Amino acid sequence: MSVFTKRINPLTGQAEWELQDESYDFHQEIARSAFADMLHDTERNEKYYKAIRRAVERKHGLGQKAHVLDIGTGTGLLSMMAAACGADTVVACEAFPPMADCARKITAKNGFKDKIRVISKHSTDLIVGENGDLKYRANILVTEVFDTELIGEGAIKVFNHAHKELLEKDCIVVPMSGTLYCQVVESPLAQSWNKMNSIMNTAKDPKILIDTPPEVWNCPGAAGVHDIQLSQFPQSEFQTIVSPQPVMRFDWSGRSPLPSEFSNILVSKAEKDGVAQLVFAWWDLVMDVDGEIVLSCAPVWAHPLTRGEGSADDLPWRDHWMQAVYYLPKEVDVKEGQEITIICTRDEYSFWFNACENLRISEIDYQRPLCDCGLHAGFSRTRIGAMNDSERIRKYIAALEPLITDESSCLCLSEGTLLGLVAAKLGARKVYCIESNVLAKRALEEFIRHNYLQEKVVLMDSVETLKKHQELEGQVNVVLGEPHFFTTLLPWHNAYFWYMKQEISSLLSPCTTILPAEATVWAMAVEFKDLYKIRAPLCNVEGFAVAEFDKLIEHSSSISDSAVEAHPLWEYPCRALTRPFQILNFSFNKNVADCAIHKEGEVHCEGSGICHGVVMWVYWDLDGNPKHGITTGPVEMVNIGERVKWDMHTRQGVYFFNEFHHVGELEDSCVIKFSGKFLPHSGLSFHFSIK
């Protein structure tokens, strides 16, 4: 059965009704699950298998039966490992009903129907007793309830409850313990995702154009973790102040309950002169009783497999466990050899950090940072990074300066931007800015006040409000935008700028300048090093057939997934197999309603490898000058067969092929056919095929 659902088209801004499967949300949850890339993690699977085997053998060696409880079984993989290792009984619990059904099918398919009992419950709802879910307490617990922050999926509550209600006192837990590591660094690039710098005009004599208000600069920020693939972060872009050290340990074995809140203080000496700005963090798991099997999530420079001498290519790829960046509430200037105190605090689900120069610590140093300026609460990390990108800023200023005079009446059609304030500082008579986001509006009001622009800049919450100002009809002579909107996921969604411009066309003078003038959607076929795994079937994991899981994911993806999905490709290495090619071009000087576009074409694969799909991005042509173009894609020349360097402050679109194809070096060995369609009432659609 299908139902109508209402959504806002991010490109047109219009509400639309779509006919969707009544179980759309259910299928979306399955398709978005991290089970697939987790099961592609060979190191994880192997070390769990090895630790489970040791646990079962240890119980049998003591003359005991091995009664295994698997919490959060997912596909049933860990349960099947336990059964294959000779466990006497295995009970698996899985709270998500479709995954529990899938686990039953998979375990039965692998011959464990009578050995593994799958229960569709949260572990905290399990009952022990003759008529309960478990006849008796288990003496082996296997579980994987961890995320990038280690405890973000509720591991503390799960382990505490299990030891209290479900496990024997002398049980073995796989894993036995976990340790959080922290590395204090100085990194202007990473800090640009957190602190809003003043905007400089570097064209002639460098000077501050827009000064950051103290309320924004001194704001402690938001405590939320920033999870990234840290091994892909350029090592040249940070300086270590304090080398990686263990900062908090978790004993999963049950010797004592884990407190719901905890703090630890680490006193170290700064290794170099610098500024402590942020903390890189990751964790490892000790899988076995003897402490011989360790599963590490460390980045390449700290990982036990590379010891700082290898490359990210030498490490197992995992997208379900990345590394974390925590921004310190205040920067701390240090000298080499000076003591610095690091404070790590947690609740049941998350961590936060603070730093100071000495041990004079007050209660406030333990508190979770809370944004009180609106910027950190209202803007994404990458958005703040884009606003701090000095090269982008330079291009916008260079394009605006020749346009702006003391007679300029400007309209800024973007959200979460300081571009309107830049126009005012460059000399515009009046600038009208549309800002519907409450938190962004609050932050912008601080910038306006601090830079004495109250008489020049007018904030309005919607186009409708703007249109009520009849005195503006025919008066606006510059329309500008980055463009950026909070509701967009893919780069071309920001062409909503075009629709907004059309909606206020009555306010424009006959000679209005539009900036940006055009946008072009570009594409390129690539081979991913690892990202393709999120769409690759598993078939077999550690000798167990999991085709039922593949079917479940593929079916749900066909119902709920978009043809193009957004990814920050700087974190996911890929090689170019074709040269970049244009799909569609839009001129914002035209009437959007008159611009239905359909383009088809084909491009030859010049590189060799496996073609996993096509990546897409947008090039914003500000004023026709190539020196002022803004790309959301490659930031360096693309060379066939070589790794592509991507813009770090935006996401790109990825179109995965249903089947991956080997392509050769001959010009006629592979052809990518493409189709791009723009319809004013419905927006953009793309299709690619490989021959």
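**Salt bridges and burial**

Colleague: Why does Arg394 count as partly exposed?

Modeller: In this predicted model, Arg394 has a relative accessibility of 34%. Buried requires under 20% and exposed over 50%, so 34% puts Arg394 in between, as partly exposed.

Colleague: What makes Glu391 and Arg394 a salt bridge?

Modeller: Their side chains meet at 2.7 Å, N to O, and the cut-off is within 4 Å, so the pair qualifies. Both residues lie in helix α11, 3 residues apart, about one turn of the helix. Glu391, at 38% relative accessibility, is partly exposed.

Colleague: Why is Asp41 called buried?

Modeller: Its relative accessible area is 0%, and buried means under 20%, so Asp41 is buried. Arg318, at 5%, is also buried by that limit.

Colleague: How do you know that Asp41 and Arg318 form a salt bridge?

Modeller: The closest N and O atoms are 2.6 Å apart; the limit is within 4 Å, so the contact counts. Asp41 sits in the loop between α2 and α3, and Arg318 in the loop between β15 and β16, so the pair ties together parts 277 residues apart in sequence. Asp41 and Arg318 also belong to a network of salt bridges with Glu43 and Lys47.

Colleague: Is Glu292 buried or exposed, and why?

Modeller: Glu292 has 55% relative accessibility. Exposed means over 50%, so Glu292 is exposed. Glu292 forms a salt bridge with Arg54, with the closest N and O atoms 2.7 Å apart. Arg54, in helix α3, is partly exposed at 28%.

Methods: Residues are numbered from 1 along each chain as its sequence is written. This is a predicted model: local features need pLDDT of at least 70, side-chain atom pairs count only at pLDDT 80 or more; totals for chains, interfaces and linings use all residues. Side-chain values use heavy atoms; hydrogens and water are left out. Helices (H or I, at least four residues) and strands (E, at least two) are DSSP runs, numbered from the N terminus. Buried means under 20% relative accessible area, exposed over 50%, partly exposed in between (1.4 Å probe, protein chains only).
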